[in-house]
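Work through the following exercises with the sequence and the model side by side. Each task is followed by a solution in steps.

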Amino acid sequence: MKLALIGFGQAGGKIVDEFLAYDSAIDTSFVEAAIAVNSATTDLQGLDHVPQKNRVLIGQARVKGHGVGADNELGAEVTEADIDEIQGAIDRIPVHEIDAFLIVAGMGGGTGSGGAPVLARHLNRIYTEPVYGLGVLPGTDEGGIYTLNAARSFKTFVHEVDNLLVFDNDAWRSAGESVGSGYDRINREIVERFGLLFAAGEVGHGDHVAESVVDSSEIINTLGNGNGNGNGNGVSTIGYASETVESESDGLLSSFRSETEFDEGTATNRMTSLVRKSTLGRLTLPADAASADRGLVVATGPPEHLNRKGVERGRQWLEDETGSMEIRGGDYPLPGEDEVGAIVLLSGVTDVPRIDQLQQVAIEAQETTENVRARAQDDFASLVDTGGELDALF
Ligand code: GDP
């Protein structure tokens, strides 16, 4: 499916940059346009792939290009004030050619955390195309303010978008990795998973495609489509699992192999187990699959290893697992590849322990912040107060 990507804040910009690199490395292009928005000049300058003219600096009057720090209320304010600047960049996109907008942001910071929900509301008011969010949750070790920011942004963002796809940094960090190299690796993981899904929905526009190929409308129906004001179709998470197979291009070897190695049974069993692994393994946001409202199974890999029965069995298994009647399925053929994979998109998940924990910690952080502020005010008053024995100058 064709997307207009908008990266908000530092994490959002870097992830959109990575999406562009991925999009040009694969055969199917799903990025129609990419924009980066930030209140910090240096973050915009650090991007490699987003075209210069699509880099929008906001909040200059307030923060002079230095960013809003971790103040997401300020992030929301400057976005509201400079929404015309962002709209100016969007006006250059051929919106009639896109299937959806995708706003990408780290939810724990300031600019993206505060600005992404404001932009989502704005786009939903103006356009009929669905507006999706890709929100990145902070690691639990980042501290109270990031957790509080993320919980408040999540609560706001989820109501302004037609679906909020979530990636949890905490579930994907590895011990002993530096923050910088950690993010580079994590950003590739993000882009490979979500990129594969969006690319899958783009194949259907070719000439000779099998009818089992997944189409952008199936992704949109699974995520939820726009009704003009963001209809809170909830939260989505993605799983992916793959297995190496020998492709037909492995020539010599395959000529010795018997026909039965490509038989229906093997392909079907492989796909069914990949769908299970994908659903029950590490999701972008860990969640109980049984709580999903809707789902989509996409089988990827060399066409000779994909069969209709495999996807159908996988789809049926997910239907049983979720108890949902709205599980869709399809193929994304990748000729010449040597891996068969299953992407599972779970939409409308409600059993998400990480979100409960995030909210709990955020409520505590909010109470602590309020107490500290109140105490500081009292302490200051008693520092300055002289019991009426001293007159101020004016
Ligand atoms: P902003 O520029 O004010 O929007 O804030 P940032 O995007 O710098 O940071 C917000 C949050 O995003 C941080 O708390 C991190 O959890 C996360 N983050 C920052 N950079 C990256 C990145 O490159 N990749 C990922 N996955 N997360 C990031």
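**Exercise 1: a strand and its partners**

Strand E8 (residues 294–301) pairs with E10 in the antiparallel sense over seven bridges, where two strands count as paired if DSSP finds at least two bridges between them. This is a predicted model, in which local features need pLDDT of at least 70, side-chain atom pairs count only at pLDDT 80 or more, and totals for chains, interfaces and linings use all residues. Residues are numbered from 1 along each chain as its sequence is written, and side-chain values use heavy atoms, with hydrogens and water left out.

Task: determine which residue of E10 is the bridge partner of Ala299, and how many bridges join E7 and E10.

Solution. Begin with Ala299, whose bridge partner in E10 is Ala342. Turn next to strand E7 (residues 235–244), which pairs with E10 in the antiparallel sense over nine bridges; here Gly239 has Val344 of E10 as its bridge partner. Finally, consider the cover of E10 (residues 339–347), in which eight of the nine residues are buried, that is, under 20% relative accessible area, with exposed over 50% and partly exposed in between (1.4 Å probe, protein chains only). Helices (H or I, at least four residues) and strands (E, at least two) are DSSP runs, numbered from the N terminus.

**Exercise 2: two annotated positions**

Task: decide whether Gly112 is buried or exposed.

Solution. The unreviewed UniProt entry lists a "binding site" that includes Ala11 and Gly112, although such annotations may be inferred rather than shown by experiment. Gly112, in helix H6 (residues 111–126), has a relative accessible area of 5% and is therefore buried. Ala11, in helix H1 (residues 9–25), is partly exposed because its relative accessible area is 32%.
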